[in-house]
Structure formats: structure tokens, C-alpha cells
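Hi,

Here is the structure I promised to pass on.

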Amino acid sequence: MTTLTFDSLNPATGEVVASHPQHTPQDVHQAVGRAEEAAAWWAALGHAERRRRLLDYKAVLTQHLRELAALVHQETGKPVGDATLEIVLAVTHLDWAARNAPKVLGRRRVATGLIGLNLAATLEYLPLGVVAVIGPWNYPVFTPMGSIAYALAAGNAVVFKPSELTPGIGVRLAELFRESVPEHPVFQTVTGLGETGAALAGDPRVKKVAFTGSTATAKRVMAACAENLTPIVAECGGKDAFIVDGDADVGAAADACLWGAMSNAGQTCVGVERVYVVDAVYDRFMRELTERVARVRAGEDYGPITMPGQVDIIKRHIDDSAKSGRTVTGGPASVRPPYVDPVIVEDVPEDSPAVREETFGPTITVRRTRDAQEALELANASAYGLGGTIFSRDARRAAELARLMRSGMTAINSVISFAGVPALPFGGTGDSGFGRIHGADGLREFARPKAVSRQRFAMPGMNLTSFNRGPAELERLVRLVTFLHGRRKR
């Protein structure tokens, strides 16, 4: 039987980077079967041995950093420097997950309280088994490794289905893993189109799915998972807001805003798309932003639009905002596939597609607000809730605004900085999805809590879980509970 293949293309040139197998549902079934056996072996190794091997894998990735960055550059079109940064962040997360998994997931004693005085109790987090990771194309190393590294550290085997736009880097990540763990296929990659991903998500032996992609696709993946009650962690993009308060460092804010919006051609789930600036500094901010954006070049400072179909969405948003708002930089002529030049538009209505829908391109809308409170209300008036940014010199007010921003993560006086802190969980709310990767929450996301209680001695006169229980024992229980919990707080 002839194996079907598909090509990965360099989006900047259209040249074929490589051809890859279009794995069938039967291929996926076999991969999951291999992963089941590998998962049992990997879990039995224990935390210390997994830690050693994952730290070795970290070293292997670091030794191949330039090669991997070049491959990311070829498959996505992003500059090599941006690809390098992405891989470095992935390495730091792998290091954190490997080193912290024993402490976060290992068995520990928990208090039993006076009612359970005769008990000892422990809690630990055990591996799930096989975890399926369905990755995106915009950050084809950093984003999926945020699930892969934490799932592996938690003791699971992983079957990874990378985007059909960036299959080569996904294949290479698994190949390099085998240098550190040659005994069993603990980490495998399957390549293909939608059918391949659907087969992986729908396999009943998969114990959890980690998905990154659009909200619409996440719903389809969830439907496939529902057939087997397979849990899912979903990161579905965002429409992140950037708030500039009246006392902000305007130059620093403009610089961060521009990078957050335009880096990776705006193809960043936590990238800046909506900007709200307090009236007192609005004009200064716009001058700073306009001066800086004039020096940013598509094809030099950032790459092409990786997914051809996204160009139509970006164009629709630019065309609509150009009609309803005031164009500061760029406009409809900025779209010249596969590149899109920077676009900044002011005073776009809040109900327009450019404000309500994820654009995923190098465009931002900017709006003047009376104060930070109005900016916060506008920022929160979105179906998405992934990340966000606050710029203010008032540390207390910035912290409160960040806390009240309806998002999973918020950066203060920096942009997207939370993604570089391995101890912080990453994920959103609303149409941005649910569940968390990274940090202790990310480790626990790929494990199941196991609670154990053990009776150390029989409680005299308090055998409450027996049909031999008498009225006297119940009366003693009522008196004890009344003593412990019956006093009202004034």
C-alpha cells in the first residue's frame, strides 16, 4: 500500500521544505498502542529517573538549538532570532518541569483534623497514561512543549500531532527525545491533516488531550473527546488588551505595545490586539507609537503570514476598520501576501470585527479612554480572556487592575512576560479555553490526584461507620462538632 504524503512549505517562498507521511487512523491507533506500553514503563521509572532523562533531553535540545531554529524559520517564515527565543523558552520550561515534578506531584501527608484524629492521610498525583498533544503552527516548539514537557514530567507517554504547516519540527522534537530515552517510544509524533488529529483525539486509550488552536476547532475536538469522556485542556487564542494608564512610562509602553502586536507578524495568541490609552497620555503615546512603527518592516523584523487562509481574515478586519475608524499607519494596501505591513487604526467601534474577533495579524486598534477604569471595562468586554498588559507607575493600582482584568495572565510594565516564567500557569477563560499548562498547575493538569486514608488506631467510643454504633457515640459526635464549629463569629 502506498503511503500518502503531504508537503510542508516555506510560507515566505512557497518552496517545499520536506514531505511527511499522512498518517491514517490505523497508524494513529498503532502509535497509541505503543504509547500505552511505553507509558507503563515510563511511570514505573519514578520521579528521579524521569528527571535525569528529561534534563538530558534538555541538553540535547540545547545542543541542536541552531538546527531547530533554522527548521522553525523554514516552516513558519519567522526570523531565526525569534525562532531561537522560542526554543530557549521551551528549554527553560522543560528544565522547570523536570526539576519540580517530584515536589509538586510526589506523595505528601495532609492534616486529618480532629474528627479524623485516628487517621493518617496522604495525597499524591499519579500519571494518566497516554496524553495526546495537538499543536499549533505559530509557535511550533514553545506552545506544544508547554504540554509535552509537563506531561512527560508527570509520568505520561505523549503522542504529538503537530500542525500540518509545521510537521518537520514536531518530528525532530521526538527524534531528539529518543537520544535520551531510547528504550521505549515514550514520545512519538504523528503527522497528517485533520483526519489524523481527529483519530488521535477520538482514541479511547488517550487519557487526556492538550489542544491549541481556534475556538471553533476546539469545539470539534471536544466533541470527539466527549465520546469517551476524555478530558481536554484547550488554549484557543485571544483578543488581548493593552492598557496605558495616565502615569505610565509612555516610551516604554509604546515600545512594548509595538513588539507585542507586531512580533511574529501578530500571530501570537497572547499578542496585543486592542489598546486602551488614558486621555492624559493619549497624544504622547500615539506619537511614540507612530515614530516606532515607521521603523518596523515586514519581511525583515517579522515574517510572513504562515497560514494562507489567515490573510483573508486580516484583510477583512483591516478593510472594515479603515472604513469605521481613522487609519494611523498602513491600511488595506498593507496586505500583500504573504506579508502584511503594520496597521494601526484609531477609534474603531467596539462592536466591529477588528475589536471583537481575533485578527492574528500585525494590526492594532487604539482607543482613548477617560481613565483606567473605563479602559478596564472595555478590555473586559470581550468573549476572550487569555492575556493582557497594564502600564502604570503606580504599583498598587497596576496590581489591582491586573487582578480585575478578565484574563488568565496579565503582565505589568512588560508584555507577554508571564510566558517566560515557568512557575506561572498559562491558560485562559471564556472563548480562550480552559485548563492550564506550565507551572505546578500545568504538572497537575497531566496527573490524577490519589487520596489515601489509613486508620492508625480505633477511636474509643467513636466507631461511627458501623451498624453497631449506638446513641451514645452519636451524642459524643454532636457535642464534639458543636464545640468545634458551633460558635458564631461576630
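Below are my notes on one strand, its neighbours and an annotated site.

First, the ground rules. This is a predicted model, where local features need pLDDT of at least 70 and side-chain atom pairs count only at pLDDT 80 or more, while totals for chains, interfaces and linings use all residues. Residues are numbered from 1 along each chain as its sequence is written, and side-chain values use heavy atoms, with hydrogens and water left out.

Start with strand 18, residues 388-391 (strands are DSSP runs of E, at least two residues, and helices are runs of H or I, at least four, numbered from the N terminus). Gly 388 and Ile 390 on one side are buried, and so are Thr 389 and Phe 391 on the other (buried means under 20% relative accessible area, with a 1.4 Å probe and protein chains only).

Strand 18 pairs in the parallel sense with strand 10 (residues 240-244) over four bridges; to pair, two strands need at least two DSSP bridges. Thr 389 is the bridge partner of Phe 242 there. Strand 18 also pairs in the parallel sense with strand 19 (residues 411-412), over two bridges, and in strand 19 the partner of Thr 389 is Ala 411.

Now the annotated site: UniProt lists Glu 235 as "active site" in an unreviewed entry (such annotations may be inferred rather than shown by experiment). Glu 235 sits in strand 9, residues 232-235. Why does Glu 235 count as buried? Because its relative accessibility is 9%.

Cheers

Methods:
Buried means under 20% relative accessible area, exposed over 50%, partly exposed in between (1.4 Å probe, protein chains only).
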